[in-house]
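We will go from stop to stop, picking a few residues at a time.

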Amino acid sequence: MEYIVVLICAVLSNIFFQKIFLNKNIIDKVNHRSSHSVKATRTGGIVLYMTLFIYTVFLYLDGFQPYDFSIFIPISILFVTGLYDDIYNVDFGLKFIFQIIAAKILIDLGFVIDVFSIFGYQYEFERIISQLVSIFIYLSLFNAYNFIDGIDLNIHLETIKNFIILVLIFNNSSIKTLILFSIIVMCVNAFFNFSKKKKVFMGDSGSLIIPMLLIIFIFEGLRFSDDQNVIKYLFIIFVYPIIDLIRVVFIRVINKKSPFKADKSHLHHLLEKFINSHAKTSSIIVTTTCIIQLILYKLLIN
């Protein structure tokens with residue numbers, strides 16, 4: 001029953017927030033980088049955040065705490081930062097500062113990467129090193145995930161697939177319900193994103209909190225596991241955004257351009273030129289990355 005309630009709330013929330021943004025003319029303006037030509041709002045992230053936040057408040061009032069509610073502090077910081085950017089287009093430097101703050105709070109809550117093992121060798125980072133490594137990795141993942149939000153359905157399908165993978169890997173996790181709710185919301189957002197007249201994009205408010213949710217879900221899934229090598233799981237889940245980030249940054253640096261200056265050199269843009277279909281491009285990418293992730297899981301974990 002609760003899943004039906006989340007589904008209905010996600011649909012109504014999409015309609016509600018989209019209407020507000022359209023009435024205030026807060027839309028994603030069409031420019032040379034746009035992959036759309038119709039009215040679109042960046043409200044998908046609001047729907048995802050509000051759904052999970054309301055669920056957490058309900059748990060708090062009910063006196064049930066399956067996970068640490070403090071995780072919503074860094075999530076909220078990234079959400080507000082992304083939402084502000086969606087509305088006012090803030091400077092990247094300011095976003096970067098708040099990403100560092102959110103990452104540091106996440107680390108202080110215990111989500112720190114202090115162990116790395118490969119091929120039977122294990123390395124334990126000292127406290128300062130582990131904090132620096134964690135911040136670097138988190139900032140990279142935040143921005144890498146933001147990079148893949150460039151064509152219809154791409155970030156939606158990638159996120160839904162990653163959430164499903166985590167549910168299958170960590171089936172007994174205390175945060176499983178939160179992941180399932182996230183899947184439902186992302187499916188609804190995908191439906192509105194594929195609209196022919198009034199699209200709904202995730203926006204920075206969505207593309208920033210999704211990677212943080214994935215990081216938190218992985219940590220929570222490993223909480224009672226003997227395998228504490230978080231880096232392996234992060235690499236498996238984020239393999240596609242990581243490859244795209246490294247590739248794009250390398251190309252921009254070689255061409256003496258700012259690594260943070262947006263362009264259409266991402267993998268999804270290049271593939272879409274040949275296929276000329278957002279849905280097909282996103283489907284090919286999510287299928288390919290799923291195969292790669294299954295192979296990596298077999299090699300690194302299973």
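Start by selecting R252 and its surroundings: leaving out residues up to four places away in sequence, R252 touches F147, K257, S258, P259, F260, K261, A262, D263, S265 and H266 (contact means heavy atoms within 4.5 Å). R252 itself sits in helix α10, residues 239–254; helices here are DSSP runs of H or I with at least four residues, numbered from the N terminus. R252 counts as buried because its relative accessibility is 2%, where buried means under 20% relative accessible area, exposed over 50% and partly exposed in between, using a 1.4 Å probe and protein chains only.

A word on what you are looking at: this is a predicted model, in which local features need pLDDT of at least 70 and side-chain atom pairs count only at pLDDT 80 or more, while totals for chains, interfaces and linings use all residues. Residues are numbered from 1 along each chain as its sequence is written, and side-chain values use heavy atoms, with hydrogens and water left out.

Next, select residues 72–88, which form helix α3. The 17 residues of α3 reach 23 Å from first C-alpha to last, close to the 24 Å expected at 1.5 Å a residue; the expected span is 1.5 Å times one less than the number of residues. Which residues of α3 are buried? They are F72, P74, I75, S76, L78, F79, T81, G82, L83, D85 and D86. Just after α3, stop at N89, which takes a positive phi of about 55°.

L153 has a phi near 75°, positive in a residue other than glycine, and lies in the loop between α5 and α6 (154–169). N276, not a glycine either, has a positive phi of about 60° and lies in the loop between α11 (267–275) and α12 (278–300). Are these two buried or exposed? L153 is buried, at 11% relative accessible area, whereas N276 is exposed, at 63% relative accessibility. For background, most residues other than glycine have a negative phi.

Now for the core. Select L48, I75, Y138, F142, I215, L234 and F238, the residues with the most contacts inside the largest nonpolar core, which has 74 residues. Such a core is a set of buried Ala, Val, Leu, Ile, Met, Phe, Trp, Tyr and Cys residues joined through side-chain atoms within 4.5 Å. The largest share of this core, twelve residues, comes from α8. Zoom in on L234: beyond its neighbours within four places in sequence, L234 is in contact with I113, I137, L141, I215 and I218.

Move on to α7, residues 176–193. Of the 18 residues in α7, 13 are buried, so this helix is mostly covered. C187 is partly exposed, at 40% relative accessibility.

Finish with the cysteines. How many disulfides are there? The count comes to zero, taking a disulfide as a pair of cysteine sulfur atoms within 2.5 Å. For C9, the nearest cysteine sulfur is that of C187, 16 Å away; for C187, the nearest is that of C290, 15 Å away.

How values were computed: Helices (H or I, at least four residues) and strands (E, at least two) are DSSP runs, numbered from the N terminus.
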